[in-house]
Amino acid sequence: MSQPIARLALLGSGTVGLAVLRRLAEWQGSPLGDRLRLVYAANTRLALHDPDGLDPSSCAARLPNAPRPGGQGHHADALTALGFDGVRILIDATADAGTASRHAGALATGVHVATACKLAAGTSLDQWRAIHDACARSSAGFGDRATVGAGLPLLRSIRELRAGGDHIHAIAGVMSGSLAWLFHHYDGSRPFSELVRQARDAGFTEPDPREDLSGEDVRRKILILARAAGFAIDSDQVEVRSLVPPVLAALSPAAVDASLDLLDGPLQSLLASARSEGCHLRFVARLENGKARVGLEKLCPNDPLHGGGGTDNRVAIWSDRYRHQPLVIQGPGAGAEVTAAALLDDVLHLRAMAIGRALAA
């Protein structure tokens, strides 16, 4: 007997959204592709809908090239396109707070959500609780493994440890691919500001690199991990030591590039201090004793986070069973392809979960 096909709605056609569409196109005609049907795809300019199924390749060609102005591609339109029964999955490949704020409502109606956006579960505690309450009431699933570590088995490992009766005591990690790259290459031979410009031009940072240097992205990631570990921490309880000095923070985006050298003096002094102790600088998030903090640290050779390079994320987890030697997970922590793969892993998991529950009912 054939199993139900999951209907999919995709929001977002940035680098991650396009990678999702490419992967779906590759799956067409395969056992994986036969389980899924893309019925809606949208960005802020264009919405595409076909209940019989869209061609992902066509969507990938049309969405980024849609003229402005155009359709809005709203969250509500996607839910309407998904219909009112069967296995329905919303894929959020945006970085939009408004879209993230509506996920609890979608879950409450029985629509599953797979997201790469940290703004749903990595901001206010109330919103995080609303998502989990909606899942509990409707039995819908919330797939978020792409939000931290671009799909590295971080959230899955934490949740499986807890499900097996383990207790998480602490988490520490290098969780920003852009900041990992910057401090991996920062050896004092070039000003830090020069590396920031190089990283921005290569697309490793946001167009305004202050978004990366502020630590806000890392704050959201440690919040998501902490909450998965059983610590109900609100966003304002995370101590964030931004790399952006107040003068630089106050500038308009257009004036930032000319003033990036404000970063150089303080970081040169910190680098010299770290190297005198045989250590190096990394931007680290830590959860200890139920409290979280984010900032630049000196990592010495005996620290479990000392290894790694490039844009790799490296995260250590201490628990009852990993009390003296932490579980360390390392791998690519950024990239559209690995993030899209994590999103679709969640989609397949949510589909299987929904079918399993239906068969057991």
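Modeller: The protein chain has 14 helices and twelve strands, where helices (H or I, at least four residues) and strands (E, at least two) are DSSP runs numbered from the N terminus. Its radius of gyration is 21 Å, close to the 21 Å that the globule rule gives for 361 residues, so the chain is as compact as a globular protein of that length; the radius is taken over C-alpha atoms, and the rule is 2.2 Å times the number of residues to the power 0.38. Keep in mind that this is a predicted model: local features need pLDDT of at least 70, side-chain atom pairs count only at pLDDT 80 or more, and totals for chains, interfaces and linings use all residues. Residues are numbered from 1 along each chain as its sequence is written, and side-chain values use heavy atoms, with hydrogens and water left out.

Along its principal axes, the C-alpha trace spans about 65 × 50 × 35 Å. Of the 361 residues, 52% count as buried, meaning under 20% relative accessible area with a 1.4 Å probe, protein chains only. Among contacts (heavy atoms within 4.5 Å) between residues at least 6 apart in sequence, 67% join residues at least 24 apart.

Now for your serine. Ser-319 lies in strand β11, which covers residues 312-319. With a relative accessibility of 0%, Ser-319 counts as buried. If you leave aside neighbours within four places in sequence, Ser-319 is in contact with Asp-166, His-167, Ile-168 and His-169.

Methods:
Buried means under 20% relative accessible area, exposed over 50%, partly exposed in between (1.4 Å probe, protein chains only).
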